[in-house]
Amino acid sequence: MAAAEGPSADGGDSPAGTPVGAGATDSEDALDGNLSSGGGTAGRPDGVGEGAAEGGAAAVVPQLSEAEAEIAAQRALRERIERRKAEKTAPVEAGAKLSGQAADLLAAVRAVESGTKSGEAFFASAEPAPRRVAPAPPRTPAPTPVAPAAEAVTVAPEAVASVRAVLAEGGAPEALAGAVAGVLGEQAGQVLRDDPWQLLSVPGVRPEQADGFARALLGAECGPGDERRTAALVGWLLERAAVQGHTALESGAVRKALAEHKVPDPDEAIQSAVAEGVVLVFQDGGADEGDEPVEVLLGLERYALAEESLADGLARLASTFGNEAKESTGWDAGPVPPSAAELIRAVAANGLVAHSGGETARAEPAALVAVARGAGLRAYAASHSADGERRVAAAIGDASASVTLAGLVAGTEGPGRDEDGTLALDLLVVLDAPQLDVETAAILVESLADGTRLVLSGDPGVLSSAGAGRVFADLLAARACPYVISRTPDPGPIGELVSGIAIGELNQVEAPGKEVVIVPVRDAGEAVHRTVQLVADSVPRAFGVSPAQTQVITPGHGGAAGTRALNAALKQRLNPGPGRFGGFDPGDRIAYVPAPGRTLPGTVVSADADGLHLDCEGTPVVVPKEKVETAVRHAWALTAHQATGMRWPAVVVVLPGDAAPALSRPWIYTAFSRGERHLSVVHGVDQALPRAVAEIPDRPRTTRLRTLLQPPAEQPAT
């Protein structure tokens, strides 16, 4: 057994027993909704965004929240990306939307995949334009995020009423009316009546539920090969793939999934979906005679635009500085550690730099920001969480130099914008770079002016972003910029343990101060009991760490030892109450999710007609009553995805028997590395733990960014 075996922190010596399964894993739990109750999460990691329906007629919102303002800013910038792409005359290297008769499409895709014909014969250009390596031409100024009041969105009550009538006619919950109208617009009622499978565009609705709704509306007209159904299924499959991190899927995988959903002719379904513009087709790579068959991908336009815009933007930043800068001696680093000096030299000579390392290595980009500010540059560090923001600010020694990435993108934190609409800075260091999804990264890079230096820094061992894409990993794999690997290890027994996990080894470590403790359990019930004991009694007594400073982390929300069960037990012990505010009481520890992939820890203050009042680490937040159920959770226990970017003095990782299928090396690395002073592992998965560390690396994601970032292969001379 890895780590410090022996007595638990609470003085017990429970023998290890056979793990007993206790329910669904996190990914299973995320899909356990049903249409009769308004839907589930459609599989978003950690159940982010649970609940598709917001009951009743959609209300007029007089002022947007910070999260809504962020989304509005993203929408405005995404529209700009789309306009720029539409104005391009050069074909897109590494893939473009097919043109010509739809009848030719299927033969083209199948011939390319089989290798019988070159992919070049069927794509936009026989001689793709090389990806830009010189400075970009003058760009349209990026828009300043619109003030929240100007972006307020209303859905007419008449539209909601129309949708409600159609839903009732088809036997679907009328509570979905607001969500459907929000997705499909003012004509949602008629759209839904004409095409019942548009219900799949609402998060949480599954194909069998949409099929039942369509049968009720269409009767004998409804069939598994209906083009409306097949097009909706193709889009739904790609949306679900995006929830799992993919920006595209191999066409063969889509065909297989369509067949599993009883589509009689998957090839024709894909052909129709492409012809209708539901999806795009991409060729990544080339296929000449003798080469392996080319990979043909299907993707949604939003992610295609984001990846292509991001690749262009990163190439623009990387090519900003010429040979003169590369030959310069760099900035005066002063007395800094060697790894920090190496990073400073790299950034002085390059517009785009990658940096990796553990928690202690965050001091290196902090030193970079401090040196740049000392040289008179407008330098900032952006972190994934408010906790990370504070830690980096302390390392820099200047709170004004540290912001959250969400606040920077939304315009609520940081330097503001120049007259041309770009962010008013000279150097931006993005910490927690593995948490960057492709859309956020594209929006961020579009906001950086020519001449801005960008550093993406993070720990490659942690879990990937909650959103689609693998930006940091793709950048490293493409070798598109200088890459500085920190030589600064994380100290102590916890640092030694996670360093081994990073390379696939779960080693026993010496922990004389009980920095790492293993607590064996026989079943989920004992796991919950032991966890409450550790948080409420053992850890405070042994280490002087209060329950408020101890975080419980477990793989899933569901099951007998998931976050729901653990939070219920911890609430009963630490803050008992009737839950009179929608299940919450003042003093409850909560996690507020204002947008997918963002988790803000806090506590409940009160509730009134305006909603649930929270204190999110010093920031007051009011969550409207209708959003409390989907946006607020108890948070004595979190999942590892929710805990990314944050650290606590003590962490208790709970691994019940049913957690084994959800374990992977990145999950274990992320969970174990959240503790600063102490780590307890409530262990009920037996050999599944070392097996996951040794044999289950990060689950692969299908993306196009790596190919887009790589220079085109040189064609052999003829």
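Buried residues make up 55% of the 718 residues in the protein chain; buried means under 20% relative accessible area, exposed over 50%, and partly exposed in between, with a 1.4 Å probe and protein chains only. This is a predicted model, in which local features need pLDDT of at least 70, side-chain atom pairs count only at pLDDT 80 or more, and totals for chains, interfaces and linings use all residues. Residues are numbered from 1 along each chain as its sequence is written, and side-chain values use heavy atoms, with hydrogens and water left out.

**Whole chain**

Colour by secondary structure. The protein chain has 26 helices and 19 strands. Both are DSSP runs numbered from the N terminus: helices are H or I with at least four residues, strands are E with at least two. Now turn to contacts, meaning heavy atoms within 4.5 Å. Of the contacts with a separation of 6 or more, 73% join residues 24 or more positions apart.

**Stop 1: helix 17**

Select residues 438–446. This is helix 17, and nine of its nine residues are buried, so it is largely enclosed by the rest of the structure. The buried set includes Val438, Ile443, Leu444 and Val445, and also Glu439 and Glu446. At the start of helix 17, one of its side-chain oxygens comes within 3.1 Å of the backbone nitrogen of glutamate 439. For a polar contact, two N or O atoms lie within 3.5 Å; within protein, one must be able to donate a hydrogen and the other to accept it, and residues adjacent in sequence count only if both atoms are side-chain atoms.

**Stop 2: helix 15 and serine 402**

Select residues 386–396, helix 15. Asp387, Gly388, Glu389, Arg391, Val392, Ala393 and Ile396 are buried here. Show their surroundings: these buried residues pack against helix 14 (363–374), strand 5 (379–383), strand 6 and strand 19 (675–683). Glycine 397 follows helix 15, with a positive phi near 85 degrees.

Now pick serine 402, in strand 6 (residues 402–404). Is serine 402 buried or exposed? It counts as buried because its relative accessibility is 3%. A polar atom of its side chain lies 2.7 Å from the backbone oxygen of glutamate 389. Leaving out residues up to four places away in sequence, serine 402 touches Ala381, Glu389, Val392 and Ala393.

**Stop 3**

Zoom in on strand 13 (residues 600–608) and strand 14 (residues 611–616). They pair in the antiparallel sense over five bridges; two strands pair if DSSP finds at least two bridges between them. Threonine 603 has aspartate 615, in strand 14, as its bridge partner.

**Stop 3: charges over rings**

Show arginine 704 and phenylalanine 282. The charged end of arginine 704 sits over the ring, 3.8 Å from the centre. Then show arginine 580 and phenylalanine 581, where the corresponding distance is 5.0 Å. The rule asks for NZ of Lys or CZ of Arg within 6 Å of the ring centre and within 35 degrees of the ring normal.

**Stop 4: proline 203**

Finish in the loop between helix 6 (188–194) and helix 7 (207–218), at proline 203. Proline 203 counts as partly exposed because its relative accessibility is 49%. Draw a line to arginine 240: the C-alpha atoms are 9.4 Å apart, across 37 residues of sequence.
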